[in-house]
Amino acid sequence: MSDSNREIAEIARKIEAILFISTEPVKVTELSSILSVSKETVEEALHRIKAHYDSQHGFTLINVAGGWQMATASDLCEVIESYNSSYGYRLRLSKAAMETLAIIAYKQPITRAEIEELRGVRSDKVLETLLSSGLIRVAGRKKGTGSPLLYRTTQEFLEAFGLNSLSELPTEEELRNEGNIS
Amino acid sequence: MTVKIDHDNFYDTLTTLVNLLESREIEASRVSVSEVVEVYADYLLRSDKMSLSEVAEFLARAAALILSKVRALFPQQTAEADEEQDAILVERDASVSEALYPYKVAAIFLEVLHYRRSKHYTRESGELRPFYEVGDLYFLASLWWNIIGNIAAKNRSSQQDIIDLMTEDNPEETIEARMDDIKNSLLELKEVTLLELLSDKASKSFVVSTIIALLELARLGIIYLKQRQQFGDIYVGLKS
C-alpha cells in the first residue's frame, strides 16, 4: 500500500469513528477542520467508506442536509422494523401537506396568504401540521399590511427527504415540463 | 407560569408574546388570556388617553393570542385531519390554476424522495426538540450550558474560556456607564444633541450603547428627547 493510500485509510478510520457516534449529518468542512486535512482528502475517504459499506455491510453512508451520516442499508428496513417496531413509525404527510411543503420549498420565504392564493384553499391547518413536525419554521414577518409571518423549510426537511440541499430539487421549469399527473 | 408585562411598553410586550406563540417558542396552552386582558384593563385605567388605533391593535393581538390558545387546546392536527382540506382540494382540481401545477408535480417528487429516504434508518439522539417556557429558568440555563459546551467543543477550548470571551465587554455595564456619562454631560450642558453625544467615537457598539442608554433614561423619566423639526437632530435634556 502506498503512503498516500495508507494516509487515506487512516483518515477513513477516523471519519468512520466520528460518523459512528454522530446523531446528525456531519459536514465535510467540519471533518476537514477536525482532522486537519483537505476537503478533497475527506471526500475521497468518505467515498471509499461508502463503497466499502455498500459492497458488504448492513449499513451505508448517506449525503443529506449538507453532511454525511451513517444509515442502515435501504433493503434492510423490514429487518429493522421487525427488530424494533418503534422504528416503523414514520412521518406521514397528507397530499395537502405535501403540496404545501412543495410550495414553501420553492417559494420560501412565503406567507400563508401567498400559499393560499396558489392553492386556492385555506392552508392554516396544514401549516400547523408542518410546523409541529419541524419541517417548516417561522422565518420572520413580511413588511407590509398586517406584517404576516413568513415560512421557510428547515434542516429537518432536508434530512427527512434525503436532500443534500434545496438545489437538488428539480427547477420549476423542469416540473412544468413533466407529463400529466394523476 | 408567570408572564411579566411591562406597563410602559404594553404593546411591544404583547406583540413579543404573540410572536413567541406563533413561532412555537412557548406553549399557547400555558398562557392565561384572562390575565393578559386584566393587565390590559389595568393599563387602560392608568393611561390618560387611548387612541382608537391602539385599542384596535390590542384587539388584533388579543385575537391572535386566543386563536393560538384555542389551537393548542384542541387535539394536535394529524395527517388524517388534513384530508378535509384535501377533499376541498380535489373538488377544486378542475379549476386549479396553471400556477399550481409545478408544485403538484413537486409534491409527487417529494413523496418519492420521502419514500426512498424512509428506507434508511439513522442513529437517533433521543433528545426531544427544544421546549421553551417563559420563566423556565432551569430550562434556559440548561440550554445556555449546552450552547457553551458545543462552542467549547468546536473551538477546542474550555467552557470557562468561552464564558470569559463572551463576558469580556459586559454590555449591561457599558450601558450603565453610558447612562452615567450622559447624565453627567447633561448636568454640565443642560441640553445636548444626539449628534454631539455620538461625535468622535461613532463605533457600532458605542452608537448602540448610547441609543439604549438614552431610551432607558427616557423610560425612567430622567431625560426628555425632542426633535424640533422633521429629520432634524434630536435634543436631549434633563427633566426638571
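**View 1. Overall make-up of chain B.** Of the 240 residues of chain B, 29% count as buried, a class that means under 20% relative accessible area, with exposed meaning over 50% and partly exposed lying in between (1.4 Å probe, protein chains only). This is a predicted model, in which local features need pLDDT of at least 70 and side-chain atom pairs count only at pLDDT 80 or more, whereas totals for chains, interfaces and linings use all residues. Residues are numbered from 1 along each chain as its sequence is written, chains are lettered from A and ligands numbered from 1 in the order in which they are written, and side-chain values use heavy atoms, with hydrogens and water left out. Chain B holds 10 helices and three strands; helices (H or I, at least four residues) and strands (E, at least two) are DSSP runs, numbered from the N terminus.

**View 2. The open sheet of chain B.** Three strands with antiparallel pairing follow the order β1-β3-β2 in chain B; two strands pair if DSSP finds at least two bridges between them. Strands β1 (191-193) and β2 of chain B are at the edges, each with a single partner strand, so one side of each is left without a neighbour in the sheet. Neighbouring strands of this sheet are turned by 25 degrees against each other on average, direction ignored. Strand β2(B) is joined to β3 (residues 234-238) of chain B by five bridges.

**View 3. L225(B) and its surroundings.** L225(B) belongs to strand β2 (residues 223-227) of chain B, and its bridge partner in β3(B) is V236(B). With a relative accessible area of 37%, L225(B) is partly exposed. Helix α10 (residues 204-219) of chain B lies across β2 and β3 of chain B, at about 115 degrees to β2(B); axes are lines fitted to C-alpha atoms, for helices over the stretch in contact (heavy atoms within 4.5 Å), and angles run from 0 to 180 degrees between N-to-C directions.

**View 4. The open sheet of chain A.** In chain A, three strands form an open sheet in the order β3-β5-β4, with antiparallel pairing. Strands β3 (110-111) and β4 (136-141) of chain A stand at the edges with a single partner strand each, so one side of each is left without a neighbour in the sheet. Four bridges connect β4(A) with β5 (residues 149-153) of chain A, and V138(A) stands opposite Y151(A) in β5(A). Helix α5 (residues 95-107) of chain A lies across β3, β4 and β5 of chain A, running at about 95 degrees to β5(A).
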